[in-house]
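Here's a quick briefing to read alongside the model. Take a look at the chain first, then run through the notes below.

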Amino acid sequence: MFTFKIFRTPVKVKLTVLPILSLLWGGLTWFGMSRHPERGFWLSLLVGLAAALLLLSADFGHALAHIFSARAAGAPMDEILIAGDMPRTIYHNNDVAPAVHRQRALGGPVFNAIGLLLSLALFALFRGSPVVRELMAFSAVGHGLLLVMSLFPLPLVDGGTILKWSLVSAGRTPAQADRIVRGVDWVLGIVLLLIGIGLLVIQLWIAGGVLTGVGVIVLGAAVGKIK
């Protein structure tokens with residue numbers, strides 16, 4: 001593990017990140033070579049590495065952006081842990097106002113929204129450079145997926161935090177807000193699961209598999225198995 005600081009917030013990076021980077025790099029290199037065999041191995045390897053770093057930066061940058069939103073909210077983050085799974089933002093002081101909870105949660109989605117728009121703008125600008133356009137497409141997909149996923153009403157992501165503390169601001173107790181969030185997750189999870197299964201039945205394998213997997217994750221959060 002190695003540690004550095006951003007605005008005095010420790011960022012701890014475990015070496016388990018390296019296997020993830022290697023697997024992603026290898027997969028993207030293979031994907032690029034299968035689509036563009038004329039590039040050759042070394043160029044495909046370089047493009048694969050750049051694509052992997054862009055995708056990881058969308059994920060890790062999301063977490064790091066919470067440092068800035070938390071500090072702007074007046075309740076700084078205590079540390080970030082980046083490992084092989086989802087980056088963890090750690091706050092020791094959670095006894096803050098609902099508006100502060102919501103503002104701390106905004107950093108990641110705002111970062112991904114800006115990244116998505118910038119990636120799309122560069123994709124449109126570099127019409128004569130297929131490699132740059134391909135990299136910007138990967139970047140846009142990474143930022144877009146993180147943006148959508150982070151706004152899901154799950155307790156473990158920003159959307160759940162924003163929904164819960166908005167409900168508290170509207171007069172609910174934290175316990176009542178938690179129950180409402182879980183109820184929303186049950187409905188959302190069942191809908192996504194049914195749509196995913198329906199797409200699998202008509203042999204739309206990728207979309208069906210993705211929606212089925214997301215539905216299972218949402219239901220797992222609803223029953224408290226995923227935290």
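The accessible surface of the chain (Shrake-Rupley method, 1.4 Å probe) comes to about 12500 Å², and carbon and sulfur atoms hold 73% of that. Keep in mind that this is a predicted model, where local features need pLDDT of at least 70, side-chain atom pairs count only at pLDDT 80 or more, and totals for chains, interfaces and linings use all residues. Numbering starts from 1 along each chain as its sequence is written, and side-chain values use heavy atoms, with hydrogens and water left out.

**Overall layout**
- The chain has eight helices and four strands, taken as DSSP runs (helices H or I, at least four residues; strands E, at least two).
- From the N terminus, the order reads β-β-α-α-β-β-α-α-α-α-α-α.
- The C-alpha atoms fill a box of roughly 60 × 50 × 35 Å along the principal axes.

- Of the 227 residues, 38% are buried, meaning under 20% relative accessible area with a 1.4 Å probe, protein chains only.

**Contacts**
- Leaving aside neighbours within four places in sequence, Ile82 is in contact (heavy atoms within 4.5 Å) with residues including Val11, Phe60 and Pro87.

Note on methods. Buried < 20%, exposed > 50% of the residue type's maximum accessible area, 1.4 Å probe, protein only.
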